[in-house]
Amino acid sequence: MIVLPDDVDLPDRDTVLGQAIPFDRARWIPLLPDSTWWPTVLDECPDVGRWPRVDRRAVFSITSQVDTAEGRRHLLVAALVWGTGTKAQSVNRRARVFEHSSPADIDARLGEALDVLRARGAADAYWAFNNDQRVPHLGPAFFTKVLYFAGHDRATAPHRPVILDSVVSRALKANDAVDISWPENGWTTDQYRLYVDGVHEYAQARGVLPDQVEAALFSQGKQLP
């Protein structure tokens, strides 16, 4: 069971949707299977200083097309870009997804996992991505981003998916919401289910959406050593 303290400082939803990450288009394009995988919405993102920045709102705008193979490709790439930043090493690491699987295989696995999300909810979709529909080099920290964007603002039973990564995990530990054995990555399906349940219960008690709780945990985790 995950129990969060009553005094977590929660951002409003506009702040959550505005969480923006810089990216370098020129680093990504050569690493994709072909240029059609690049979502054009990213070319509309505003420059802030040297780099354009993509926010959650922009990635969510892609989800109206996730019933198509192209839409799922664009969602995957946008979620990777949003979670990565501009460093060449980080981009190259994330783009390994495309080195070890064919486009057809990625299409099939994305489609199956997101079908599970719609039919049976976040935890079962987590299991699918972690097992039968596993895409090499697409680990939980990033496939939960795909699940989040695909399902948080669409009807998904029984709970909306939320992101779980090492930064959020660090905050859970700092809040004593999980025990000392809780891993920093590589969570089991049962652990993800506990996390989703805990976030939803807390969000309901505070009258907010689940991603506001996740964003608060992420912000807290970023400040921890």
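Reader: Which residues does asparagine 175 touch, not counting residues up to four places away in sequence?

Author: This is a predicted model, and in it asparagine 175, which lies in the loop between α9 and α10, touches Leu4, Pro5, Leu217 and Gln220 once residues up to four places away in sequence are set aside.

Reader: What makes the pairing of the side chains of asparagine 175 and glutamine 220 a polar contact?

Author: The two side chains come to 2.9 Å, and a polar contact requires a pair of N or O atoms within 3.5 Å, so the term applies to asparagine 175 and glutamine 220.

Reader: Why does asparagine 175 count as buried?

Author: Its relative accessibility is 16%, and buried means under 20%, so asparagine 175 falls in that class.

Reader: What makes the pair of aspartate 24 and arginine 27 a salt bridge?

Author: The closest N and O atoms of aspartate 24 and arginine 27 are 3.4 Å apart, and the rule asks for a side-chain nitrogen of Lys or Arg within 4 Å of a carboxyl oxygen of Asp or Glu, so the pair qualifies. By this rule the count comes to 17 salt bridges.

Reader: What do aspartate 165 and lysine 145 form, and why can the pair be said to tie parts together?

Author: Their side chains meet in a salt bridge with an N to O distance of 3.5 Å. Aspartate 165 lies in the loop between α8 (140-151) and α9 (166-174), while lysine 145 belongs to helix α8, so the pair ties together parts that are 20 residues apart in sequence. Both aspartate 165 and lysine 145 are buried.

Reader: Where do arginine 193 and aspartate 190 lie, and why are they put in the classes they have?

Author: Both are in helix α10 (residues 189-206), three residues apart, which is about one turn of the helix, and their side chains meet in a salt bridge at 2.8 Å, N to O. Aspartate 190, at 52% relative accessibility, counts as exposed because the class begins over 50%, whereas arginine 193, at 31%, counts as partly exposed.

Reader: Which residues are linked in a network of salt bridges?

Author: Such a network links Arg13, Asp153, Arg160 and Asp211.

Definitions and conventions
Residues are numbered from 1 along each chain as its sequence is written. This is a predicted model: local features need pLDDT of at least 70, side-chain atom pairs count only at pLDDT 80 or more; totals for chains, interfaces and linings use all residues. Side-chain values use heavy atoms; hydrogens and water are left out. Helices (H or I, at least four residues) and strands (E, at least two) are DSSP runs, numbered from the N terminus. Buried means under 20% relative accessible area, exposed over 50%, partly exposed in between (1.4 Å probe, protein chains only). A polar contact is a pair of N or O atoms within 3.5 Å; within protein, one must be able to donate a hydrogen and the other to accept it, and residues adjacent in sequence count only if both atoms are side-chain atoms. Contact means heavy atoms within 4.5 Å.
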